[in-house]
Amino acid sequence: MSTLEGLVEALRRLPGVGQKSAQRMAYHLLQHDRDGARQLSRALGQAADHILHCQRCHTFTETPVCSICLDETRDASLLCVLESPADQAALERTGSYRGYYFVLMGRVSPLDGIGAQDIGVAQLLERAADGKVEEVILATSFTAEGEATAHVLSQALKARGLRATRLARGVPVGSELEYVDLGTIAHALVDRR
């Protein structure tokens, strides 16, 4: 395999990047932006070498415990469970949640052979049973896998006497009903308040 083919194959590892997109990226970097290619290479190397998982919540951090877990002004009675650090970053950007997090680093997917034991459920249960947590908010996605994950977690948490809630779902703000998919409308109707 040539160096160029190796670069294309490495770029194909990114989600949503196929052969043609990877080729375009590789050619662009080599033809028009060699400094950008070097910067990308250094940044990826640094990230791979220095970013690790927080010992408390499993998100990405450069220190053993992330800054959110170290923030004592947050509400220790709330623990929000998410699938990925990207989900956590999105929720944190809203500025509306002041509790702590637990990042699963995945979701239950029986078709892919990923079960509850593969996504850190034991660590979550241990974290949630610290005596401070009063509510565990299940903020997994609303895909089939996300729903299955929320169900498994809800059952496990309730079996240990812990209160589990699920993010609400419904019609997006600013949307018109005629353009919203039927599943969203149905869930909004069921979850009305």
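Mentor: The largest nonpolar core has 34 residues, and Cys80, Val81, Leu138 and Leu157 have the most contacts inside it. This is a predicted model, where local features need pLDDT of at least 70, side-chain atom pairs count only at pLDDT 80 or more, and totals for chains, interfaces and linings use all residues. Residues are numbered from 1 along each chain as its sequence is written, and side-chain values use heavy atoms, leaving out hydrogens and water.

Trainee: What is a nonpolar core?

Mentor: In soluble globular proteins, nonpolar side chains tend to be buried together. A core here is a set of buried Ala, Val, Leu, Ile, Met, Phe, Trp, Tyr and Cys residues joined through side-chain atoms within 4.5 Å; buried means under 20% relative accessible area, exposed over 50%, partly exposed in between (1.4 Å probe, protein chains only).

Trainee: Which strand gives the most to this core?

Mentor: Strand 3, with 5 residues. Helices (H or I, at least four residues) and strands (E, at least two) are DSSP runs, numbered from the N terminus.

Trainee: With which residues is cysteine 80 in contact?

Mentor: Leaving aside neighbours within four places in sequence, cysteine 80 is in contact (heavy atoms within 4.5 Å) with Leu91, Tyr97, Tyr100, Tyr101, Phe102, Ile137 and Ala139.

Trainee: In which sense do strand 5 and strand 6 pair?

Mentor: Pairing requires that DSSP finds at least two bridges between two strands. Strand 5 and strand 6 (residues 163-166) pair in the parallel sense over 4 bridges, and isoleucine 137 stands opposite threonine 165 in strand 6.
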